[in-house]
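Morning, everyone. I have one model to go through today, so let me put it on the screen.

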Amino acid sequence: MDARLTDEQQRVQETARDFIESEGGIELARRQLEGENVVDDLWNELADLDYTAITVPLEYGGFGEGMVYLTALLEVTGRYALPGPLPETAAIAVPLLTELGTEDQQSTYLPAIADGDCRMSVAVYDDETESLPHAIQMRAEPTGSDSESAFRLDGTKTLVPYGDDVDAVILAARTRNSQGYDGISLFVVDTDQDGVETQRLDSLDWTRPMYELTVDDLEVGDKALLGPVHAGGSALQTAVDRFTVAGTAMLTGAADRAVDLSVEHGTEREQYGHPVGRFQAVKHRIADMWIDMQSARSLVYYAAWALDNDEPDATRAAAATKVYAADRLHRVFSDDIWNHGGMGFTWDHDGHIYLKQAKSWRNFLGSPESNRERLISARLATESAKSPSGES
Amino acid sequence: MDFSYTEAQESFRHELRDWLEENLPDGWLENPEIPSDREERNAFFKEWQQTLAADNWAGIHWPEAYGGRGASLIEQTIYREEMARVNAPPQINLIGVNLIGPTLIEVGTEEQKERFVPNILSAEEIWCQGYSEPESGSDVASLTTKAEKDGDEWVINGQKIWTSYAHIADWCFLVARTDSSGTKHEGLTAFLVDMDQDGISTEPIHQANDDRTFNQVYFDDAVTTDDLVVGEVDEGWDVVMTLSAFEHGMTSIYSIEQEYLDLLEYCQEETRGGTPLIEDDNVRRQLADLDARIQAAKMTHYRNVSTQMETGTPGPEASMDLVVSDELRKDLLNFAVDIKGPAAALWDNEHEAVDETSGYIRSYGSWIAAGTGDIQRNIIGEQVLGLPKDIKSKTSHRGE
Ligand SMILES: Cc1cc2nc3c(=O)[nH]c(=O)nc-3n(C[C@H](O)[C@H](O)[C@H](O)COP(=O)(O)OP(=O)(O)OC[C@H]3O[C@@H](n4cnc5c(N)ncnc54)[C@H](O)[C@@H]3O)c2cc1C
């Protein structure tokens with residue numbers, strides 16, 4: 001056992017950090033939130049550094065790595081609130097295509113993703129006030145043709161991250177009258193075709209634009225249907241688990257920087273003749289921020305490893321990351337604002353960028369509440385699977 | 001990154017499992033029962049330690065030459081997991097095994113090692129740790145119990161407090177002031193002191209959990225000898241630091257996880273209004289939160305162990321293990337009492353393994369004992385994050 005990143009994984013982080021710093025660090029996120037679109041240029045550079053290829057299988061020109069490598073990288077991109085649909089593409093789309101895709105789908109999308117020529121996002125919500133799986137309401141009606149994978153999609157998805165910046169989305173729809181995760185089918189839908197429109201929404205976190213995506217009587221066939229008809233629900237849940245861990249990794253990186261910012265300010269800013277970080281109200285608050293950040297990181301490490309190795313407790317470990325991090329890392333960011341006094345409330349201080357990310361991530365693709373339920377059900381299932389003597 | 005165990009480590013686990021099955025007190029796995037009478041209980045813990053020691057399972061982290069197994073940190077982790085899994089009884093001489101033995105092995109003289117170390121594992125001699133005083137707790141370096149040299153003897157006067165097991169201890173690992181001319185960290189010396197002498201009297205303190213395991217200890221011209229000085233005279237702070245590194249390597253996370261699993265079982269078995277507790281939304285929510293925190297604490301501990309495998313000693317970041325696990329245990333047992341319903345008003349340990357009522361009160365003791373959360377947060381803030389140091393007095397004089 002060695003519960004730390006390997007030297008190689010650490011090198012991935014160092015390279016990523018050097019690269020992002022050389023591009024301006026958090027200024028990239030600031031340019032994005034001031035209205036510029038930095039995603040196109042940035043994505044090319046991420047592809048040059050092979051980051052878009054990390055999770056793509058070897059035979060499609062990728063590195064065949066899993067969540068451990070990806071989260072190591074995402075911790076760094078999260079530190080700088082780096083714009084772009086990297087978690088959607090690498091943690092959701094690539095594994096789904098790899099697990100469920102036909103050869104045709106795989107060879108269409110995977111090499112393109114690895115090369116940086118294809119970005120992907122997710123379109124699951126039909127109603128932004130409902131949670132998964134109820135939020136999936138769109139019906140995919142069979143077209144009546146001979147092909148069993150021919151469906152007609154019609155409706156408007158909402159909360160599609162980077163909807164206008166991506167080449168395709170993984171779309172979830174119901175292929176029969178159903179509730180819950182039953183009867184859900186997944187589709188890969190190219191965004192640049194007729195019958196697909198996107199419309200920008202006003203998002204809380206301006207570094208992560210959200211879109212509506214309308215499909216207008218769009219006929220799709222085997223090129224689009226991803227995996228078995230009616231039975232995409234469990235693959236979607238696993239994809240969401242990966243995204244949960246990816247998101248926690250990004251916020252952990254952000255929290256790491258928030259601790260650094262608080263330490264820096266606590267050391268430099270003086271009041272009553274002392275640096276404010278000497279006062280324990282501030283010092284202990286920062287120590288707690290650090291403890292929560294490290295705890296989130298520990299959960300991410302294990303969940304990523306467990307997902308990569310198909311450990312029996314992978315689901316529980318993934319759910320635990322959000323159960324723990326959603327509120328605690330949010331508190332890290334709000335405490336950072338507190339530690340900075342009036343400066344903390346300014347646009348110039350980076351605190352609000354992180355705070356808004358944490359808040360918009362909280363209920364997106366799984367709330368802490370739904371993850372608590374996922375966690376405890378998984379735990380009860382493992383415990384009852386053990387024999388009475390407690391042998392594992 | 002790799003969270004799996006090697007084959008050798010797994011076979012170590014199985015060796016221990018098999019041994020436990022053979023050697024745990026009769027009927028322990030079905031019904032773990034500890035005698036309620038204090039003296040019988042101590043005898044029971046002592047016998048258990050001797051059973052462990054007989055097969056080198058009492059202090060596996062000790063070198064083989066001293067009756068240990070020179071176990072790696074990973075093996076120690078496995079050991080803790082397995083001991084927690086069967087709710088193994090505690091050893092009577094834990095302070096000796098975990099803190100004083102390893103300190104003597106590291107900085108004691110050959111004669112001291114020969115004379116004292118073997119009797120620690122075998123529980124022939126029970127040890128206590130005499131640091132805290134009425135006026136010196138968190139600020140232990142300010143202590144004022146005096147040791148004065150008289151020929152080849154040292155004469156000790158002063159008072160210690162909160163000294164766990166002093167009432168049954170044969171020996172005390174004592175830190176006293178031998179020079180008060182310098183700063184408070186200078187002029188301290190560590191001594192081994194025979195508890196069986198007229199100059200020492202102990203008075204048990206009645207604890208919040210109605211037990212009496214810590215004590216006041218009075219030193220009135222008590223004596224010890226030159227050869228029982230540990231480390232150098234006036235350099236006792238170094239010895240204190242050596243010992244505290246062993247303290248930081250300890251964690252209770254594995255027993256907390258086991259307590260959590262017992263609680264989970266309880267919630268599945270017990271009903272309220274005809275409905276199993278486990279189907280209650282609030283219960284599920286709280287269990288899930290505890291579960292996530294336990295996993296976080298355990299994985300953080302694994303990370304600290306992995307770092308320590310490389311660096312040798314736990315760094316200041318290990319303070320986090322203590323803060324997190326002490327607070328977690330408090331919250332877990334607090335919840336365990338709450339879900340008993342109105343029966344929470346009774347001193348009743350309905351579910352033996354969780355031992356919730358007394359465990360709940362007891363958890364306040366361990367929360368305070370190894371340095372409070374405030375002190376641990378100072379360590380993290382100052383030594384890990386480099387924040388400015390607290391305003392502290394450097395002397396042991398209190399404005400007299
Ligand atoms: C069950 C138990 C067993 C024990 N066993 C032993 C033993 O065997 N041997 C032994 O020597 N001691 C033992 N102790 C004593 C223990 O180490 C002390 O109680 C502990 O270090 C705190 O010291 P104190 O009680 O004097 O509290 P104080 O130090 O007086 O603390 C009082 C309050 O002030 C806070 N505080 C103090 N200093 C600071 C600071 N710098 N910054 C912020 N807050 C501060 C503390 O956090 C606490 O909240 C035991 C204690 C318990 C509860």
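I start with Ala239(A), which counts as buried because its relative accessibility is 1%; buried means under 20% relative accessible area, exposed over 50%, and partly exposed in between, with a 1.4 Å probe and protein chains only. What you see is a predicted model, where local features need pLDDT of at least 70, side-chain atom pairs count only at pLDDT 80 or more, and totals for chains, interfaces and linings use all residues. Residues are numbered from 1 along each chain as its sequence is written, chains are lettered from A and ligands numbered from 1 in the order in which they are written, and side-chain values use heavy atoms, with hydrogens and water left out.

Back to Ala239(A). This residue is in helix α7 (residues 233–268) of chain A; helices (H or I, at least four residues) and strands (E, at least two) are DSSP runs, numbered from the N terminus. Leaving aside residues up to four places away in sequence, Ala239(A) touches Ala91(A), Ile92(A) and Leu96(A), where contact means heavy atoms within 4.5 Å. Its C-alpha is also 9.5 Å from that of Glu88(A), at a sequence separation of 151 residues.

Now the domains of chain A. The assignment, which is automatic or from a database, gives domain 1 (7–118), domain 2 (121–231) and domain 3 (234–386). How many residues of domain 1 of chain A are in contact with domain 3 of chain A? There are 22, and they meet 30 residues of domain 3. The C-alpha centres of these two domains lie 21 Å apart.

Next, backbone geometry. Most residues other than glycine have a negative phi, and most peptide bonds are trans. Leu132(A) and Pro133(A) are joined by a cis peptide bond, with omega about 0°, and Pro133(A) lies in the loop between β1 (120–123) and β2 (140–142) of chain A. Tyr272(A), not a glycine, has a positive phi of about 55°. Is Tyr272(A) buried or exposed? Exposed, because its relative accessible area is 77%. In chain B, Asn87(B) has a positive phi near 50°; it sits in the loop between α3 (73–85) and α4 (94–107) of chain B.

On to chain B as a whole. Its pLDDT, the predictor's confidence in each residue from 0 to 100, averages 92, and the model scores ipTM 0.94 and pTM 0.94. The domain assignment of chain B gives domain 1 (7–92), domain 2 (127–235) and domain 3 (249–391). Between domain 1 and domain 2 of chain B, the centres are 30 Å apart over C-alpha atoms, and four residues of one are in contact with four residues of the other.

Last, the rings. Rings of Phe, Tyr and Trp (its six-membered ring) pair if their centres lie within 6.5 Å; planes under 30 degrees apart count as stacked, over 60 as edge-to-face and the rest as tilted. The count is 23 aromatic pairs over all chains. Phe116(B) and Trp127(B) are edge-to-face, because their planes are at 80°, with ring centres 5.6 Å apart. Phe116(B) is in helix α5 (residues 110–121) of chain B and Trp127(B) in strand β1 (residues 127–130) of chain B, eleven residues apart. Both Phe116(B) and Trp127(B) are buried. Ring pairs also link Phe12(B), Trp19(B), Trp48(B), Trp57(B) and Tyr79(B) into a cluster.
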